Amino acid sequence: EIMKNHDNQKPELENLLEDLRHPNPNINYQACNDLIKFWPVESIDILIQNLHQNDVFLRRKSVKALGQFGLEALNPIINLFNSNDDKAIKINCLKIFVRLAKEIDPNNIPTELINVIQYSIRDEDPQVILELVSLLRQLKQGGVEFLKNLAKDKNVLRSKAAVTALLEIQEPSIERFLKELLADKSTDELIRNSVIDILDISEDL
């Protein structure tokens, strides 16, 4: 059912949740806006519970919806990440953090989120690595030092993803760092080649 909420009448929570499952993303977006406006606390709890479901479609819709809630969703998702050992849930939490990152001050990242980042840095799962690097890239200047450390990592996926992410952040120290990485004899050959490609691209721009 497509909700029509042009008046200020409070829509039914169940109807909005049904619209959230609709295949049309525009209907999902409007439903999520109404959830945020009329049912913020209840809907965050329900959407978090959806992340435990086996229904992949429902989980994806819930990840996208939670990403629209802004900083209101940050602490609940951090709590979910810290309290659950299920790898799929942790990955979904990281996907939500990527969406929420645009609301976070790069110069004032919450300590609890830094703890999540430091925990995830030790994880060798490829999905965790890629979502973590995406999060650090979205944090812009706030993620630069983490990405520099990851660029030196022995895990080639982690280091290559970090090198690529660094180029996408406007920060004066990055090109100098990449040249230092290139000069370091211990840098993996694949990473060295990536840095050469990246520096060539940046010089052509």
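Colleague: What makes 46% of the 205 residues of the chain count as buried?

Modeller: Buried means under 20% relative accessible area, exposed over 50%, and partly exposed in between, with a 1.4 Å probe and protein chains only. By that rule, 46% of the 205 residues count as buried. This is a predicted model, where local features need pLDDT of at least 70, side-chain atom pairs count only at pLDDT 80 or more, and totals for chains, interfaces and linings use all residues. Residues are numbered from 1 along each chain as its sequence is written, and side-chain values use heavy atoms, with hydrogens and water left out.

Colleague: Why is Pro-126 called partly exposed?

Modeller: Its relative accessible area is 47%, and partly exposed lies between the buried and exposed limits. Therefore Pro-126 is partly exposed. Pro-126 lies in helix 8 (residues 126-138). Its C-alpha atom is separated by 27 Å from that of Phe-69, 57 residues apart along the chain.

Colleague: How many helices and strands does the chain have?

Modeller: Helices (H or I, at least four residues) and strands (E, at least two) are DSSP runs, numbered from the N terminus. The chain has twelve helices and zero strands.

Colleague: Why is helix 5 called roughly antiparallel to helix 6?

Modeller: The axes of helix 5 (residues 74-83) and helix 6 come within 9 Å and cross at roughly 155°. That angle makes helix 5 roughly antiparallel to helix 6, as angles under 35 degrees count as roughly parallel, over 145 as roughly antiparallel, 65 to 115 as roughly perpendicular and the rest as oblique. Axes are lines fitted to C-alpha atoms, for helices over the stretch in contact, with angles from 0 to 180 degrees between N-to-C directions.

Colleague: Which residues of helix 5 and helix 6 meet?

Modeller: Contact means heavy atoms within 4.5 Å. Leu-74, Ile-77, Ile-78, Leu-80 and Phe-81 in helix 5 meet residues of helix 6 including Ile-89, Lys-90 and Phe-97.

Colleague: What makes a set of residues a nonpolar core, and which members of the largest one touch the most others?

Modeller: A nonpolar core is a set of buried Ala, Val, Leu, Ile, Met, Phe, Trp, Tyr and Cys residues joined through side-chain atoms within 4.5 Å. The largest has 62 residues, of which Phe-97, Leu-113, Leu-135 and Leu-178 touch the most other members. Its largest share, eight residues, comes from helix 6 (residues 87-100). Leu-135 touches Leu-94, Phe-97, Val-98, Ala-101, Leu-113 and Ile-117, not counting residues up to four places away in sequence.
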